[in-house]
Amino acid sequence: MLIRKPNPLTGTDIPSSEITPKDTWLDRRKFITAAAAVGAMSLAGQRLSSLLSPSEPVHAAGKLDTVKSPLSTTGEPPTAFKDITTYNNFYEFGTDKGDPSRNAGGLPTRPWNVKISGLVKTQKTIDIDTLLKLHPLEERVYRFRCVEGWSMVVPWVGYSLSELIKQCEPLPNAKYVQFISYFSGKVEKWAPFGYNWPYSEGLRMDEAMNPLTLLTVGLYGDVLPNQDGAPVRIIVPWKYGFKSAKSIVQIKFVDKQPPTTWNDQAANEYGFYSNVNPNKDHPRWSQKTERRLGLPFYAQRRPTLMFNGYGDFVASMYNGMDLNKNF
């Protein structure tokens, strides 16, 4: 059972009402609202990429009703919306950090279905609107740490993945959960060759059931922008960012460790577990420090926290494991 604890760094939890930089965010929402009325914008929900400057992210505003979450485990101020949505890893839409915000506008997010398959009582397909109503949406402020050494603090919106898993009724021999991302081969013109698309990720069942693992449908109170994994992704805050699969179209329950894209690509660099660990360096760079985006240059560099600072909630899952071997 997960017990709510204050942030060990600050001794406090950040209230949901205080996590948004109000002036910047409200100004941006006014702009998007005005832009939506310009001309005859075809269908509701279409991305406003043609009205935004190249430096602005592709995003269609869609306010989500949220409740306060006891699992916002950081008291740090969130990274600005612009930084979260213009500095992304989403290789299907380009390998440069700015590529996804420029190229992901063609990702079709409605209609959207997620197939539930594998070792479950009943295989089924769930549409995105059903997922949105399955459980009250919570706003959770999580640290997000990329394996490349940069980090953010993001106010995600969603609910514990365990709520969906319980609805899926996995069989007793289901030991892992695999996530398959969208890939049509048509809108991902920037996807590099040599990867086994579609993108695949996976978690051990106890990791997937941990209350911190978030089925994520939004950020900053709105629907997810395409470049951040619209319309549904997971967030696993104690692991490096590539473990948090984007734009999920299939959730599969399996009895053996599933293949995962980056582990298949370079197993010596990207382990299946990929827990944030300052004591286990990447073969090509140190993981002892990280660079927090959105801060002045002199304030960006900081020590990397074991399990990204969430050890009180997750460390017990790895008791007895050699985390240098099981990385």
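Strand 6 (residues 176–181) and strand 7 pair in the antiparallel sense over five bridges, where strands are DSSP runs of E with at least two residues, helices are runs of H or I with at least four, and both are numbered from the N terminus. Two strands count as paired if DSSP finds at least two bridges between them. This is a predicted model, in which local features need pLDDT of at least 70 and side-chain atom pairs count only at pLDDT 80 or more, while totals for chains, interfaces and linings use all residues. Residues are numbered from 1 along each chain as its sequence is written, and side-chain values use heavy atoms, with hydrogens and water left out.

**The sheet**
- Strands of a sheet pair through backbone hydrogen bonds, either parallel or antiparallel.
- Five strands form an open sheet in the order 3-2-11-6-7, with mixed pairing, and its edge strands, strand 3 (124–127) and strand 7, each pair on one side only.
- Within the pairing of strand 6 and strand 7, Tyr176 stands opposite Arg204 in strand 7.

**Glu201**
- Glu201 is found in strand 7 (residues 200–204) and is buried, with a relative accessible area of 0%; buried means under 20%, exposed over 50%, and partly exposed in between, using a 1.4 Å probe and protein chains only.
- The side chains of Glu201 and Lys243 are joined by a polar contact of 2.7 Å, a term for a pair of N or O atoms within 3.5 Å; within protein, one must be able to donate a hydrogen and the other to accept it, and residues adjacent in sequence count only if both atoms are side-chain atoms.

**Asn308**
- Asn308 lies in the loop between strand 13 (301–303) and helix 9 (311–314), and is buried at a relative accessible area of 2%.
- The side chain of Asn308 reaches the backbone oxygen of Pro237 at 2.9 Å.

**Aromatic rings**
- The whole structure holds 19 aromatic pairs, meaning rings of Phe, Tyr and Trp (its six-membered ring) with centres within 6.5 Å, called stacked if the planes are under 30 degrees apart, edge-to-face if over 60 and tilted for the rest.
- Tyr91 and Tyr195 form an edge-to-face pair, with 6.0 Å from centre to centre and 65 degrees between the planes, and these two residues are 104 residues apart.
- Tyr195 and Trp197 form a stacked pair, at 5.4 Å centre to centre and 20 degrees between the planes.

**Confidence**
- The chain averages a pLDDT of 86, and 81% of the residues score at least 70, where pLDDT is the predictor's confidence in each residue, from 0 to 100.
- Over residues 1–57 the pLDDT is below 50.

Terms used. Contact = heavy atoms within 4.5 Å.
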